[in-house]
Amino acid sequence: MGRIMGSSTQMRSLRNRTLKLRINTTTQKVYLRLTQKEHLLESEKSEWGFKVLKQTVKLYYKLGNYKGMMDAYTRLWFKMNLKLCKIWFHMREYGRMSKILEELHKSCQKEDGRDDQKKGTQLLEVYAIKIQLYTETKNNKKLKELYKKALSIKSAIPHPNMRGIIHKCGGKMHMAEGQWAEAATDFFEAFKNYDEARNQRLIRCLKYVCKLISSLASLHVS
């Protein structure tokens with residue numbers, strides 16, 4: 001009788017552990033489905049994305065999904081190096097920044113060296129940093145070329161901060177060339193995107209608009 005009761009207890013314990021394992025596995029799979037979509041919409045200043053990707057790598061490993069694990073690791077590598085590029089940019093270490101940028105750009109290209117439009121969001125992230133670099137170093141030729149490329153990408157789901165950066169730099173480029181209407185349009189688009197992202201950079205856009213109006217007024221007086 002004691003053996004039967006002991007065996008029964010062991011069976012219940014085994015069933016409970018199996019049930020918990022199934023629940024945990026299901027929960028992990030649901031978590032992975034959700035984070036695959038949500039990581040695209042995170043704020044560029046948030047550390048949430050890094051934590052999600054690190055956890056995603058661990059979960060894929062636990063589930064035995066090694067392809068998913070490597071894909072998540074690649075995204076983590078991309079995001080970490082993107083963050084490093086921004087740090088070098090703010091420190092004006094443009095040489096170090098450029099080397100990492102080229103590696104990031106290569107990861108968004110096909111084997112023949114052409115940009116992979118299927119990786120539109122990642123491409124735009126790289127373009128946005130390069131556009132800032134060319135604006136800062138006054139490389140207008142490359143700036144204009146990349147600005148047009150950035151606007152032509154339709155497959156991306158960019159964060160409004162990213163769109164704001166591209167349009168703000170585009171506005172400065174147009175203003176320097178005396179293309180006032182184009183500059184005004186870009187600054188307005190930058191303002192809208194920064195406002196959507198609740199980014200204080202929108203104040204700079206207003207300052208550029210004031211500068212633009214002042215330049216137009218001076219031309220009118222002349």
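Two residues are in contact when they have heavy atoms within 4.5 Å of each other. With that in hand, welcome to this structure: among contacts in the chain between residues at least 6 apart in sequence, 57% join residues at least 24 apart. This is a predicted model, where local features need pLDDT of at least 70 and side-chain atom pairs count only at pLDDT 80 or more, while totals for chains, interfaces and linings use all residues. Residues are numbered from 1 along each chain as its sequence is written, and side-chain values use heavy atoms, leaving out hydrogens and water.

**The overall picture**

- The chain has nine helices and zero strands; both are DSSP runs numbered from the N terminus, with helices being H or I of at least four residues and strands being E of at least two.
- Of the 222 residues of the chain, 36% are buried, a word that stands for under 20% relative accessible area, with exposed for over 50% and partly exposed in between (1.4 Å probe, protein chains only).

**The nonpolar cores**

- A nonpolar core is a set of buried Ala, Val, Leu, Ile, Met, Phe, Trp, Tyr and Cys residues joined through side-chain atoms within 4.5 Å.
- The largest one here has 35 residues, and Met 97 and Leu 124 have the most contacts inside it.
- The elements giving two or more residues to this core include α3 (66-90), α4 (94-106) and α5 (120-136), and α5 gives the most, with nine residues.
- Apart from this core lies another, of five residues, among them Met 175, Ala 183, Phe 187 and Tyr 208.
- Leaving aside neighbours within four places in sequence, Met 97 is in contact with Cys 85, Trp 88, Phe 89, Ile 129 and Leu 133.

- Just after α5, Lys 138 takes a positive phi of about 60 degrees.

**Leu 146 up close**

- Leu 146 sits in helix α6 and is buried, with a relative accessible area of 8%.
- Not counting residues up to four places away in sequence, Leu 146 touches Tyr 127, Lys 130, Ile 131 and Tyr 134.
- Leu 146 and Lys 130 are 16 residues apart along the chain, and their C-alpha atoms are separated by 8.0 Å.

**The cysteines**

- Counting a disulfide as a pair of cysteine sulfur atoms within 2.5 Å, the model has zero disulfides.
- The sulfur of Cys 169 is 9.7 Å from the closest cysteine sulfur, in Cys 205, which is too far for a bond.
- Cys 169 is buried, with a relative accessible area of 3%, whereas Cys 210 is exposed, at 52%.
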